Amino acid sequence: MDVKFENPFEFQLDILESDNHIPSLKVCVRILVEQFQHKHQYEGCFWVECAVWDSFLHALHSPSADAVSLHDMSENFAISIKNTEKGLALEWRSAKKDVGAKRQIATNFISFIDGEVLEEIRQQFDNFPTWW
């Protein structure tokens, strides 16, 4: 079971396991952004609450100015789509600190997308079988 799309960046989300105690999913996400002569690659695994997944799926069907994001339980990773003055925007951010905050990493990506790209992303999430 996975979610994949290619535009505006390569995105793949795979489910590793689920937990019924706090309805949630452990997912692994891979993102590859290529722009000009640069590549940025992200790989990470984390837990997402099923209720957050459902809210994000609902937001994909009616994006508003209030961004709803698919984010992990620690809010170190988030992907969102919102309606802005410039049009639809897809944003991905991740930030992580080690213990003591001696090492920190942060990424922020934003791309304005059209209805066709939104539809492709929406279909990928709609086609994902939910069992909760």
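Is Lys-97 buried or exposed? Exposed, with a relative accessible area of 56%. For the cut-offs, buried is under 20% relative accessible area, exposed is over 50%, and partly exposed is in between, with a 1.4 Å probe and protein chains only. Leaving out neighbours within four places in sequence, Lys-97 is in contact with Arg-103 and Gln-104, contact being heavy atoms within 4.5 Å.

Quick housekeeping. This is a predicted model, so local features need pLDDT of at least 70 and side-chain atom pairs count only at pLDDT 80 or more, while totals for chains, interfaces and linings use all residues. Residues are numbered from 1 along each chain as its sequence is written, and side-chain values use heavy atoms, with hydrogens and water left out.

Now the sheet. Four strands make an open sheet in the order β5-β6-β7-β8, with antiparallel pairing; two strands pair if DSSP finds at least two bridges between them. β5 and β8 stand at the edges with a single partner strand each, so one side of each has no neighbour in the sheet. On average, neighbouring strands here are turned by 15° against each other, direction ignored. Those angles come from axes, which are lines fitted to C-alpha atoms, for helices over the stretch in contact, and they run from 0 to 180 degrees between N-to-C directions.

Zooming in, β5 and β6 pair in the antiparallel sense over 4 bridges. Which residue stands opposite Ser-69 in β6? Ser-80 does.

Ser-69 is buried, with a relative accessible area of 19%. Not counting residues up to four places away in sequence, Ser-69 touches Val-52, Phe-56, Ala-78, Ile-79 and Ser-80.

β2 pairs with strand β3, residues 24-35, in the antiparallel sense over 9 bridges, and the two form a hairpin with 4 residues between them. In that pairing, Phe-11 stands opposite Ile-31 in β3. Then β3 is joined to β4 by 12 bridges, again antiparallel. The bridge partner of Cys-28 in β4 is Cys-45. The β3 and β4 hairpin has 2 residues between the strands, and Phe-36 takes a positive phi near 55° there.

Most residues other than glycine have a negative phi, and most peptide bonds are trans. Glu-75 has a phi near 55°, is found in the loop between β5 (68-71) and β6 (77-84), and is partly exposed at 48% relative accessible area. Ala-101 has a phi near 55° too. Ala-101 lies in the loop between β7 (87-97) and β8 (104-113), partly exposed at 31%. And the peptide bond from Asn-7 to Pro-8 is cis, with omega near 10°, Pro-8 being in the loop between β1 (2-5) and β2 (10-19).

Last stop, the largest pocket, with a volume of about 290 Å³. On a 1 Å grid over the protein atoms alone, a pocket is an open set of points where a 1.4 Å probe fits, with protein on both sides within 12 Å along at least five of seven lines, and lining residues have an atom within 4 Å of a point. Points are joined across faces, edges and corners, and the volume is the space filled by probe spheres set on them. Of the 19 lining residues, the closest to the pocket's centre are Tyr-42, Gly-44, Asn-76, Ser-94 and Lys-96. Which strand gives the most to the lining? β4, with 8 residues. β4 (38-49), β7 and β8 each supply at least two. The lining divides into 9 nonpolar, 7 polar and 3 charged residues, with Ala, Val, Leu, Ile, Met, Phe, Trp, Tyr, Cys and Pro counted as nonpolar, Asp, Glu, Lys and Arg as charged, and the others, Gly among them, as polar.
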